[in-house]
Amino acid sequence: AREDAARRNVRAQRQAEPTRRVRAWSAGCSVGQEPYSLAMLMAERTAQVDSPPDIVATDVSAAAISRARAGRYSQFEIQRGLPVRRMLQWFDQDGEEWAARADLIRLGSFRKHNLVSESPPFGLFDLILCRNVLLYFASDVRRAVFDRLADALRPGGVLILGAGETTIGQTDRFRPSQRYRGAYDLAV
């Protein structure tokens, strides 16, 4: 009954906000490959929609955020998992580096943020990626971060963790997603 009520709530929110932009948060984004990959995928899927995705990317390292904002990658970095078609569509070669095009950079915002000591970025997110970050924290710190992530996730949203991470036994705020392997839904 709770799940049915949650689903109805999510449907009602979507109907009330038909033009709402999809919001994603890449927490612990390092130098930006994850949020740029996400931006490319989302932009390609929403090409017919008037509202482009809103992607917030954060990291505790000011140097990493600076590199992410610049959107410049070596040949090795750009080819790691990025198909050539997307590389040519979204990046321009500049000497030894590849530079993200302005239309890709505009899809996201990058900011310095500490998951442990700061509140999440403003607003609720449909998708939160926090991959390969939490495994470095002690269990009590992980629980506090999970609470922050749960507070930032929109009902019906999804949390994605790294392959070596789980919410099981860490928090009761999330449960494994029935739809996506390696993903977690808010507990109802």
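Trainee: So Ala, Val, Leu, Ile, Met, Phe, Trp, Tyr, Cys and Pro count as nonpolar, Asp, Glu, Lys and Arg as charged, and the others, Gly among them, as polar. How does the lining of the second largest pocket divide up?

Mentor: Into eight nonpolar, three polar and four charged residues. A pocket is an open set of points on a 1 Å grid over the protein atoms alone, with protein on both sides within 12 Å along at least five of seven lines, and lining residues have an atom within 4 Å of a point. Mind that this is a predicted model, where local features need pLDDT of at least 70 and side-chain atom pairs pLDDT 80 or more, while totals for chains, interfaces and linings use all residues. Numbering runs from 1 along each chain as its sequence is written, and side-chain values use heavy atoms, without hydrogens or water.

Trainee: Which helix gives the most to that lining?

Mentor: α2, with six residues. Helices here are DSSP runs of H or I, at least four residues, numbered from the N terminus.

Trainee: Switching to α3: which residues are buried there?

Mentor: Ala64, Ile65 and Ala68, where buried means under 20% relative accessible area with a 1.4 Å probe, protein chains only. They sit on the same side of α3, because their arc around the axis is only 100°, taken from the directions to the C-beta atoms.

Trainee: What do they pack against?

Mentor: α2, β2, β3 and β6; strands are E runs of at least two residues, and contact means heavy atoms within 4.5 Å.

Trainee: And what follows α3?

Mentor: Gly71, with a positive phi near 65°.

Technical notes:
Buried < 20%, exposed > 50% of the residue type's maximum accessible area, 1.4 Å probe, protein only.
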